Amino acid sequence: MLKHLAVCAIIALLLASCEQAVQTPPQDVPSETPPQTPTDEEPTSEPDDDEFLQDSDGRVFSYVPAGDLLPQSGPGHADTTIYRPEIAFPLEDAAFLNSQVYRYGGSKGELNGMSGGQCHEANYNYPWQDTFCESRSRDQIMCPAGGHEGVDIRAASCVAETNATHWAVAAEDGRIIAPSSSRYTVKLQTSDGTLYRYMHLKMDELAVGDGEFVAKGQRIGKVWNDFFNSSGEPVPTTFHLHFEMYQNYAPDENTDPVFDQVNPYMTLVNAYERKLRAAD
Ligand SMILES: [Zn+2]
């Protein structure tokens, strides 16, 4: 009997450790800082019903803090401002913010041990990670040493494999300016001047036209991989939406504001949390 109990206890321990292994986050979570869940916010007097915000596939949303980029991928810009607290999240379905260059499928993925194709399942999961001021050769005010002036958003599934349609939608009511001279950018400007830039949509199948007024949440185009070099030749990128927002920004009260790209990361976190909450 005792022997039987001992065997049972060992089996129970093994099962428990298996369960633990399953629940352990993937080893390649690319940050020194643990992901945040909505429960990391200031404590409130009421029970936090946001503890597990799940997307339509049942995955629990989490995100790495703003400015905390993948190792060796750039300085980032730790801006926690929610610039626009009422925007619609710019994709209709679930989405994953993370690097297109320093992860699976990117030209520098191997720097972080992420060699593989863009459809690697780890690219299509939480936590989100900021890519504003990820290293690039071009300068901008927020990233003076050269940096990525927006954030990159993967759709709910990898179009290269699924051929699925994932719609990008208007963040706010506004007017469409499309396409730009770069041929892979659609702009959306609101009545107060706020400007959003959507890049790499399927440009020959846009759902909107130049000068058209759109309502918040209205479909603009399909998340795609359109990209062209300076000679105008197509050089497809990974399937994702590059998203920028322009706001008046002053680094401190003694400096005049400039109208330039700001880090939309926390604005998008806020929009996504509201989206998931509304879907509950
Ligand atoms: Zn980008």
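Biologist: Which residues does A215 touch, not counting residues up to four places away in sequence?

Modeller: This is a predicted model, and in it A215 touches A170, E172 and D173. The C-alpha atoms of A215 and A170 are 6.8 Å apart in space, while the two residues are 45 apart in sequence. A215 itself sits in the loop between β7 (213-214) and β8.

Biologist: Is A215 buried, exposed or partly exposed, and why?

Modeller: A215 has a relative accessibility of 39%, so it counts as partly exposed. T185 is a case with another value: its relative accessible area is 1%, and therefore T185 is buried. T185 lies in strand β5. Beyond four places in sequence, T185 is in contact with I177, A178, P179, S180, R197, Y198, M199 and M203.

Biologist: Which residues other than glycine have a positive phi?

Modeller: C133 is one of them, with phi near 65°. N163 is another, with phi of about 55°. C133 lies in the loop between β1 and β2, and N163 in the loop between α2 (159-162) and β3 (167-169). Their accessibilities can be read in turn. C133 is buried because its relative accessibility is 1%. N163 has a relative accessible area of 58%, so N163 is exposed.

Biologist: How should I read a pair of aromatic rings?

Modeller: Such a pair is described by the distance of the ring centres and the angle of the planes. The structure holds 16 aromatic pairs. In the pair of F96 and Y126, the centres are 4.9 Å apart and the planes stand at 55°, so this pair is tilted. F96 is in strand β1 (residues 96-97) and Y126 in the loop between β1 and β2, so the pair ties together parts that are 30 residues apart in sequence. F96 is buried, with a relative accessible area of 1%, and Y126 is buried as well, at 9%.

Biologist: What is the geometry of the pair formed by Y184 and F227?

Modeller: Y184 and F227 are edge-to-face, with 4.8 Å from centre to centre and 75° between the planes. Y184 is in the loop between β4 (174-177) and β5 (185-189), F227 is in the loop between β8 (219-222) and β9, and the two are 43 residues apart. Y184 is buried, with a relative accessible area of 15%, whereas F227 counts as partly exposed at 30%.

Biologist: Which residues do ring pairs link into a cluster?

Modeller: The cluster consists of F61, Y63, F89, F96, Y124, Y126, W128, Y265 and Y272. A ring can also have a charged side chain over its face: R183 lies over the face of F228, at 4.1 Å from the ring centre.

Biologist: Which residues coordinate the zinc ion?

Modeller: The zinc ion is coordinated by H148 through NE2, D152 through OD and H242 through ND1, at 2.0 Å. Along the chain these donors follow the spacing H-x3-D-x89-H. D152 is in strand β2 (residues 151-154) and H242 in strand β9 (residues 241-249), a pair 90 residues apart that links distant parts of the chain. D152 and H242 are both buried.

Biologist: How many helices and strands does the protein have, and in what order do the elements run?

Modeller: The protein has three helices and ten strands. From the N terminus, the order is α-β-β-α-β-β-β-β-β-β-β-β-α. Of its 280 residues, 48% are buried. Among contacts with a separation of 6 or more, 66% are between residues 24 or more positions apart.

Biologist: Where does pLDDT stay under 50?

Modeller: Where pLDDT is low, the predicted coordinates should not be read in detail. Here pLDDT stays under 50 over residues 1-33, with 16 contacts beyond four places in sequence, and over residues 38-47, with nine such contacts. For the protein, the mean pLDDT is 85, and 82% of the residues reach 70 or more.

Terms used:
Residues numbered from 1 in each chain as written. Predicted model: local features only at pLDDT ≥ 70, side-chain atom pairs only at ≥ 80, totals over all residues. Heavy atoms only, no water. Donors = N, O, S within 2.8 Å, 3.2 Å for Na, K, Ca; no water. Helix = DSSP H or I, 4+ residues; strand = E, 2+ residues; numbered from the N terminus. Buried < 20%, exposed > 50% of the residue type's maximum accessible area, 1.4 Å probe, protein only. pLDDT = per-residue confidence, 0-100. Contact = heavy atoms within 4.5 Å. Phe/Tyr/Trp six-rings, centres within 6.5 Å; stacked < 30°, edge-to-face > 60°. Lys NZ or Arg CZ within 6 Å of the ring centre and 35° of its normal.
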